[in-house]
Amino acid sequence: TNCTMPVTNRSTIWTNSIYDQLLILLEVILLFLKMFLAGLESIIKFFVPPYEKTLAGEIILVTGTGHGIGRELVMQLASEGCTLVCWDVNEEGNAETRKLLKEKGLGNKCHFYTCDVTSREDILNLAQKVGQEIGDVTIVINNAGIMHCKPLHQQSNEVIEKIFNVNVFSHFWIVIGIIESIEERNSGHIVAVCSMCGIIGLPYAVPYSASKFAVRGLMEALSEEYRKCEETSAIKFTTVYPIMENTGLARKPKNR
């Protein structure tokens, strides 16, 4: 039996090698060009800040308003001329937020609802109720979240499932409940309050970190879906990655 080895043309190898090197050189040039343009853009924005969007007339839904970041968001947004829809499973926490707003002479356009964001049915029913009583939500801030700091093997199945129900699946149900009216207007903004744990995993908070990575993936994919599949869409998507804050989720948090 005659075995014939493939004959490789030296000129072909040389040509491919040159081609690969040129591609690498081109990619390096493009990288430096992008870095230069990004730096130039940052300098321009430093001296000429972009125009801030007005929130007057917007109907903004915020979850987790009974404490922490959610409460602080409501306290700041209440003076921006928008209507606020405040959801939290903790009635006492929401009542305290309402009280703090009244003490500052705010809250006339704030509406408080008790909502279990782990329940798809509750979310969809309440979204419909808000639309009927207040109007169509134009901005959503998915902020509600929980965290348990223990080694993974010490976290129960119930705790892990609850973390994902609150931190991840609630985002799905709220977007599904609100997005139809936003699509009809072709205008709106979906905001997810994620975490730095959605970029860098945190020890002793494995389920929490995993849930935040899931939120990051959800928002990136959703943004791409509307950017590519709905080319004329004006709907915006933003993901925020806060560092550890003293919100009650973690005791005495430290950042380095």
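This is a predicted model: local features need pLDDT of at least 70, side-chain atom pairs count only at pLDDT 80 or more; totals for chains, interfaces and linings use all residues.
Which residues have the most contacts inside the largest nonpolar core? They are L61, W87 and I178, in a core of 32 residues.

The protein chain contains six helices and six strands. Read from the N terminus, its elements follow the order α-β-α-β-α-β-α-β-α-β-α-β. Of the 256 residues in the chain, 34% are buried. Among contacts with a separation of 6 or more, 68% are between residues 24 or more positions apart.

The largest nonpolar core, with its 32 residues, draws on several elements. At least two residues each come from the strands β1 (59-63), β2 (83-88), β5 (188-193) and β6 (235-240), and from the helices α4 (120-133), α5 (157-185) and α6 (206-229). Helix α5 gives the most, with eight residues. There is also a second, separate core, made of 17 residues, and I60, V62, V74 and C110 are among them.

Helix α5 also packs against two other helices, α4 and α6. With α6, the angle is about 20° and the axes are 8 Å apart. Angles under 35 degrees count as roughly parallel, so α5 is described as roughly parallel to α6. The crossing of this pair is right-handed. On the α5 side, the contact is made by I160, I163, F164, N167, V168, H171, F172, V175, I179 and E183. On the α6 side, it is made by P207, Y208, A210, S211, K212, A214, V215, L218, L222 and Y226. By class, the residues of this contact are 15 nonpolar, three polar and two charged.

With α4, helix α5 packs at an angle of about 30°, and the axes of the two lie 9 Å apart. These helices are therefore roughly parallel to each other as well. Here too α4 passes α5 in a right-handed crossing. From α4, the residues R120, I123, L124 and A127 meet S170, W173, I174, I176, G177 and I178 of α5. Seven residues of this contact are nonpolar, two are polar and one is charged. I178, which takes part in this contact, was named above for its contacts inside the largest core.

A further helix pair is formed by α2 (residues 68-77) and α3 (residues 91-103), which pack at an angle of about 30° with their axes 10 Å apart. This pair is therefore roughly parallel, and its crossing is right-handed. R71, V74 and M75 of α2 make the contact with G93, E96, T97, L100 and L101 of α3. Four of the contact residues are nonpolar, two are polar and two are charged. V74 of α2 is in this contact and also belongs to the second core.

The last stop is H189, a residue of strand β5. Is H189 buried or exposed? Its relative accessible area is 15%, and buried means under 20%, so H189 is buried. Which residues is H189 in contact with, leaving aside its neighbours within four places in sequence? They are K53, T138, I139, V140, K236, F237 and T238.

Definitions and conventions. Residues are numbered from 1 along each chain as its sequence is written. Side-chain values use heavy atoms; hydrogens and water are left out. Axes are lines fitted to C-alpha atoms, for helices over the stretch in contact, and angles run from 0 to 180 degrees between N-to-C directions. Helices (H or I, at least four residues) and strands (E, at least two) are DSSP runs, numbered from the N terminus. Angles under 35 degrees count as roughly parallel, over 145 as roughly antiparallel, 65 to 115 as roughly perpendicular and the rest as oblique. A crossing is left-handed if the near helix is turned anticlockwise from the far one by less than a right angle, and right-handed if clockwise. Contact means heavy atoms within 4.5 Å. Ala, Val, Leu, Ile, Met, Phe, Trp, Tyr, Cys and Pro count as nonpolar, Asp, Glu, Lys and Arg as charged, and the others, Gly among them, as polar. A nonpolar core is a set of buried Ala, Val, Leu, Ile, Met, Phe, Trp, Tyr and Cys residues joined through side-chain atoms within 4.5 Å. Buried means under 20% relative accessible area, exposed over 50%, partly exposed in between (1.4 Å probe, protein chains only).
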